[in-house]
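Welcome to a short tour of this protein model. Please have a look at the sequence and the fold first, and then read on.

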Amino acid sequence: MKKDHSKQIDLEPRKLEHLTKEPKQRNAKECTFDTLSKFEEFIKNESWDDEYDAMKVHLEYIPPFIEHEIHSDEEKIKPQMNALNKKFRRHLHQHLTKHLLPEINKMSGINYKFKEIDEGLIPMYNGIESVYKWHYKDEGLHGFDESEYNLRHHWKAEMDVTCDSNGPYVKVDFSCTPVGE
C-alpha cells in the first residue's frame, strides 16, 4: 500500500522572540501570488526558514470586501470599483491597516511597525488612467533589542500598494532587504 504524500502540513505562524543566526545558504526567490492566502502562507514559510530579512513578494488580487460584494463572480464587478472611487479607496485603506499589515506581522512573527510614508493619486498616460498608491516602511528594530543584531544584519521592510482606475485589482509589493552589509 502506498503512502499518501499529497497531504500538506500546515504550520502555525511562528512568533520570533529573539533573532537567530542568518542561514548559510539562502533559498528565497522573488515570488508572485494571486491570492491573499498564498501570499500570507509564503511569508509564514519564509519566517520558518529564517529568511524573513531578505524576500521580495508580489501579490495581485481582488480585495475581500469586493469579493464579498460580487460573491466571487468577476462578471459582477461594477465600473465604479476602482481607484477613482473614494469609497473603494477608503475600504481598501481600512483593509490594509486592519487586515493586511497585521497579517504580515502575524505570519512573519515579527512586530513590524509600518509607517505610511506616502499616499496619493498619480495620473498616468496623459490623464486617461490613474493609479492610487500607498507606501509603507519600517526601518526600525522590528521589536528586537539592538544587542540581538550582532547575529544578523539590520533590515528594512517596505510595502507598496497600488490600484488603478481600470478595476478593483490591487497590487502589493512587499520586500525585506538587509541594510549595510
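Helices (H or I, at least four residues) and strands (E, at least two) are DSSP runs, numbered from the N terminus. Two strands pair if DSSP finds at least two bridges between them. The model is predicted, so local features need pLDDT of at least 70 and side-chain atom pairs count only at pLDDT 80 or more, while totals for chains, interfaces and linings use all residues. Residues are numbered from 1 along each chain as its sequence is written, and side-chain values use heavy atoms, with hydrogens and water left out.

**The sheet**

E5 and E6 form a hairpin with 5 residues between them, and Trp155 stands opposite Pro178 in E6. E5 also pairs with E4, in the antiparallel sense over 8 bridges; here Tyr132 stands opposite Cys163 in E5. Of the 10 residues of E5, 8 are buried, where buried means under 20% relative accessible area, exposed over 50% and partly exposed in between (1.4 Å probe, protein chains only).

These strands belong to an open sheet of 6 strands with mixed pairing, in the order E1-E2-E6-E5-E4-E3. E1 and strand E3 (115-124) each have a single partner strand and stand at the edges, so one side of each is left without a neighbour in the sheet. On average, neighbouring strands are turned by 15° against each other, direction ignored. Axes are lines fitted to C-alpha atoms, for helices over the stretch in contact, and angles run from 0 to 180 degrees between N-to-C directions.

| Helix | Strands touched | Angle of directions |
|---|---|---|
| H1 | E1, E2 and E6 | about 165° with E2 |
| H3 | E2, E3, E4, E5 and E6 | about 30° with E4 |

**The core**

Which residues touch the most other members of the largest nonpolar core? They are Phe39 and Phe174, in a core of 42 residues. Such a core is a set of buried Ala, Val, Leu, Ile, Met, Phe, Trp, Tyr and Cys residues joined through side-chain atoms within 4.5 Å. Among the elements that each supply at least two residues are helix H1 (36-48), strand E2 (55-61) and strand E6 (170-178), while H3 gives the most, with 7 residues. Leaving aside neighbours within four places in sequence, the contacts of Phe174 include Phe39, Ile43, Val57, Ile104 and Phe114.

Ser47 is found in helix H1 and is buried, with a relative accessible area of 0%. Beyond its neighbours within four places in sequence, Ser47 is in contact with Arg14, Leu16, Tyr52, Met107 and Ser108.

Pro168 is found in the loop between E5 and E6. Is Pro168 buried or exposed? At 3% relative accessibility, Pro168 counts as buried. Not counting residues up to four places away in sequence, Pro168 touches Tyr61, Ile62, Pro63, Ile66, Ile77, Met81 and Phe88.

How values were computed: Contact = heavy atoms within 4.5 Å.
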